[in-house]
Amino acid sequence: MRRHMLLSAYVLTPGSHFGAMWRHPYSETDFCDRELYENLARSLDRYGFDYAFVPESLAVPMGDDGVWQTMTSRGASGAIRHDPALLVSPMIGVTQRLRFTVTLSTTFMEPYHLARTLSTLNHFSKGRMAWNIVTSAGASNAINFAHLTSLDHGDLYERAEEVLTVCHDLWSSWDEGALIADKQSGLYARADKIRQIDHKGRHFDIRGPLTLPCRGNPTLMAAGVSPRGRDFAARWAEVIFAIQNEPAAMRELRDDVRARAARMGRSPQDIRLMAAVQPVIGETRDIAEARAAHLDTLVAPDAARSYLAAMLGLDLSGASGDAPLQPILESQHRRPAVDAGGTQAWLAKLLDAKPAVSVDDAAIALSASTGTPRLVGTAADVADQLQALFEDCCDGFVITPTHFPGTFEEFGRAVIPELRARGLVASHHQDH
Ligand SMILES: Cc1cc2nc3c(=O)[nH]c(=O)nc-3n(C[C@H](O)[C@H](O)[C@H](O)COP(=O)(O)O)c2cc1C
């Protein structure tokens with residue numbers, strides 16, 4: 001069977017990987033409206049997206065200095081976040097085919113909760129769930145859980161391994177056929193087909209069983225990039241979510257995780273990589289270029305500076321926006337705890353092209369796409385760029401919006417038919 005591209009819609013508000021999304025003239029702004037998500041889900045289902053992908057953070061975004069007010073007041077990426085599991089619940093109800101990726105943290109959630117929430121969603125969606133497993137490293141993630149013992153990077157992954165073991169045990173704590181609901185005999189469930197898990201580990205003490213039977217396991221995704229994160233993905237995940245600017249970095253990540261998986265006895269081809277991309281589509285190339293340039297004008301420099309500071313682990317509080325970035329980088333020698341988006345590689349590329357880039361220009365460039373490749377052009381141009389990446393170094397894309405939900409509609413109306421005509425995405429009702 002021909003290999004098909006996976007297509008996900010990235011549901012992050014009020015800014016997405018484009019940090020000023022809500023300011024776009026065509027964008028919705030009420031991200032607390034249930035119907036917005038139901039309508040989005042209907043459209044995604046109709047156009048043939050594979051997934052709605054919901055990332056997660058349990059804190060409002062903040063700069064490296066802990067100041068959250070700037071980014072929240074500017075509506076930066078992730079300033080409004082719902083519980084991912086609850087967000088997709090109404091979306092499930094209005095769709096037949098669309099699948100859902102919820103990002104849930106192994107650090108701040110308990111495995112019993114995780115296993116049960118995902119199990120319920122997998123029942124309600126008839127098996128259309130995926131879990132993007134994150135360890136939520138970094139100070140901002142921990143800010144609302146300061147009462148918990150803080151875990152270092154290695155401990156986060158050790159806990160995550162235990163969480164996954166427990167979840168799998170809970171998901172198999174009911175055998176198929178355990179639920180019989182036999183009114184005649186009065187036997188609802190066969191206890192001989194339901195097991196305690198009796199887990200006693202370093203982090204958890206859990207008897208089990210789960211409070212409901214399982215309907216298959218969710219598809220597992222992972223998003224770490226360190227050697228430990230890659231091992232974790234190689235052990236558990238079927239899909240890796242990547243924010244990488246360069247094809248070579250996507251290729252290296254996929255090859256490396258596949259090699260690790262092979263050493264663990266898995267088939268390397270079982271691991272697919274979905275890369276975040278930001279399409280900017282125009283009726284003509286000139287229109288697309290003009291739209292891309294317009295996007296940058298919507299980014300607020302103060303919020304962009306906070307974001308740059310957070311992503312690079314810099315103190316920019318005393319810096320003028322016009323100052324060149326390079327000397328600041330050299331004087332501070334600071335590094336972020338997490339390089340989640342390949343930001344260092346993005347920065348190296350920027351400094352290579354523009355050694356004297358100012359703080360604000362760098363900040364605006366980062367907030368405009370978070371380092372995801374921006375694909376600018378007509379629908380056919382965007383399809384060409386996706387095809388080239390797909391044939392070279394990845395298995396699908398997470399489409400990050402510049403306006404919400406318009407980007408998904410433009411992509412669905414103009415680019416997906418083009419990809420389908422080229423045989424690159426599954427036809428409707430066909431599995432990938
Ligand atoms: C592409 C990407 C996306 C991520 N998305 C999230 C997220 O939505 N929520 C979250 O809490 N952590 C997220 N993370 C953080 C990871 O789960 C992990 O904690 C972090 O990357 C540190 O692990 P590492 O050093 O192995 O990369 C993401 C990381 C990457 C690389």
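Mentor: Please bear in mind that this is a predicted model. The axes of α7 and helix α8 (residues 247-263) come within 8 Å of each other and cross at roughly 60°.

Trainee: Is α7 parallel or oblique to α8?

Mentor: The crossing angle of the two axes is roughly 60°. Angles of 65 to 115 degrees count as roughly perpendicular and those under 35 as roughly parallel, so an angle between these ranges makes α7, relative to α8, oblique.

Trainee: Is the crossing of α7 and α8 left-handed or right-handed, and which residues of α8 make the contact?

Mentor: The crossing of α7 and α8 is right-handed. On the α7 side, the contact is made by R230, D231, A233 and A234. Their partners in α8 are D256, V257, R260 and A261.

Trainee: How many residues of that contact of α7 with α8 are charged?

Mentor: The contact of α7 with α8 has four nonpolar residues and no polar ones. The number of charged residues is four.

Trainee: What is the angle between helix α14 and helix α15, and how are the two helices oriented?

Mentor: Helix α14 (residues 379-392) packs on helix α15 (residues 406-421) with the axes 9 Å apart and an angle of about 55°. That angle makes α14 oblique to α15. The handedness of their crossing is right-handed.

Trainee: Which residues of α14 and α15 meet, and how many of the residues in this contact are nonpolar?

Mentor: From α14 come A379, A380, V382, A383 and L386, and they meet A414, V415, E418 and L419 of α15. By class, the contact of α14 with α15 has one charged residue and no polar ones. The nonpolar residues number eight.

Trainee: Which elements each supply at least two residues of the shell around the ligand?

Mentor: The ligand is surrounded by 21 residues, the closest being V134, S136, G224, S226 and G229. By class, this shell divides into ten nonpolar, nine polar and two charged residues. The elements that each supply at least two of its residues are β3 (99-105), α7 (227-236) and β10 (239-242).

Trainee: Is D360 buried or exposed?

Mentor: D360 lies in helix α13 (residues 359-369). Leaving aside residues up to four places away in sequence, D360 touches P301, R305, G321 and D322. Because 20 other C-beta atoms lie within 10 Å, and 20 or more is the criterion, D360 is buried.

Definitions and conventions: Residues are numbered from 1 along each chain as its sequence is written. This is a predicted model: local features need pLDDT of at least 70, side-chain atom pairs count only at pLDDT 80 or more; totals for chains, interfaces and linings use all residues. A residue is near a molecule or strand if its C-beta atom, placed from the backbone, lies within 6 Å of it. Helices (H or I, at least four residues) and strands (E, at least two) are DSSP runs, numbered from the N terminus. Ala, Val, Leu, Ile, Met, Phe, Trp, Tyr, Cys and Pro count as nonpolar, Asp, Glu, Lys and Arg as charged, and the others, Gly among them, as polar. Axes are lines fitted to C-alpha atoms, for helices over the stretch in contact, and angles run from 0 to 180 degrees between N-to-C directions. Angles under 35 degrees count as roughly parallel, over 145 as roughly antiparallel, 65 to 115 as roughly perpendicular and the rest as oblique. A crossing is left-handed if the near helix is turned anticlockwise from the far one by less than a right angle, and right-handed if clockwise. Two residues are in contact if their C-beta atoms, placed from the backbone, lie within 7 Å. A residue is buried if 20 or more other C-beta atoms lie within 10 Å of its own, exposed if 12 or fewer, and partly exposed in between; C-beta atoms are placed from the backbone.
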